[in-house]
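Subject: Structure handover

Hello,

Here is the structure I said I would pass on.

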Amino acid sequence: MDLQKNKENAIAFYKTAYLGQPKLAIEKYVGNEYIQHNPDVANGTQGFIDYFERMKTEYPEKSIEFVRCIAEGDLVALHTHQIWPGNDQYITMDFFRFDTNGKICEHWDSIQQIPEKSKNPNTMY
């Protein structure tokens, strides 16, 4: 596994899909199989494309910043900051598994809205 290349590809995959080109993201970065663990997204590549096409239509003004990226073995973890319409801000943590050809084949994620108040002075990053 080329950890640096996997990190670059995970970021490029997510950014391409998030900014409105999910079909291109699938074509460039996903292998023969795509297992989805997010309960709001159907399994397989078409489920991914459908979800991000809908997001592009419903939320065209969203933005994403990649805060950190960690790779180990066949896994890459992304920690992001997302801003959605109405200034709704979210932290996401996405995990991607890569196949032996360096293509994404599985995805897990977790999302949390950034609260207005915190009991400590630290950011969520």
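The notes below go through the cysteines, the salt bridges, the strand pairing and one histidine. Please keep in mind that this is a predicted model.

Cysteines

There are zero disulfides in the structure. The reason is distance: the sulfur of cysteine 69 has its closest cysteine sulfur in cysteine 105, and at 16 Å that is too far for a bond. For a disulfide, the two sulfur atoms would have to be within 2.5 Å. Both residues are in the buried class, cysteine 69 with a relative accessibility of 17% and cysteine 105 with a relative accessible area of 4%.

Salt bridges

How many salt bridges does the model contain? The count is three.

Two of them involve residues of helix H3, which covers residues 44-58. In one, glutamate 53 pairs with lysine 56, with 3.2 Å between the closest N and O atoms. These two residues are three positions apart in H3, so about one helical turn separates them. Glutamate 53 is partly exposed at 29% relative accessibility, and lysine 56 is also partly exposed, with a relative accessible area of 33%.

In another, glutamate 58 is bridged to arginine 54, and the closest N and O atoms are 3.3 Å apart. Here the spacing is four residues, again about one turn of helix H3. Glutamate 58 counts as partly exposed at 41% relative accessibility; arginine 54 is partly exposed too, its relative accessible area being 37%.

The remaining bridge links glutamate 106 to arginine 97, with the closest N and O atoms 2.6 Å apart. Is glutamate 106 buried or exposed? Glutamate 106 is buried, with a relative accessible area of 10%, whereas arginine 97 is partly exposed at 22% relative accessibility.

Strand pairing

Which residues stand opposite isoleucine 104 of S5? Valine 30 is one of them, and phenylalanine 98 is another.

S4 and S5 form a hairpin with five residues between the strands. Within this hairpin, glycine 102 takes a positive phi near 80°.

Histidine 81

Histidine 81 is in strand S3, which spans residues 75-84. It is buried, with a relative accessible area of 15%; the cut-off for that class is under 20%. The side chain of histidine 81 makes a polar contact of 2.6 Å with the side chain of glutamine 89. Leaving aside residues up to four places away in sequence, histidine 81 touches Ser63, Ile64, Glu65, Val67, Gln89, Tyr90, Ile114 and Tyr125.

Regards

Definitions and conventions. Residues numbered from 1 in each chain as written. Predicted model: local features only at pLDDT ≥ 70, side-chain atom pairs only at ≥ 80, totals over all residues. Heavy atoms only, no water. Buried < 20%, exposed > 50% of the residue type's maximum accessible area, 1.4 Å probe, protein only. Salt bridge = Lys/Arg side-chain N within 4 Å of Asp/Glu carboxyl O. Pairing = 2+ DSSP bridges. Polar contact = N/O pair within 3.5 Å; in protein donor to acceptor, adjacent residues only side chain to side chain. Contact = heavy atoms within 4.5 Å.
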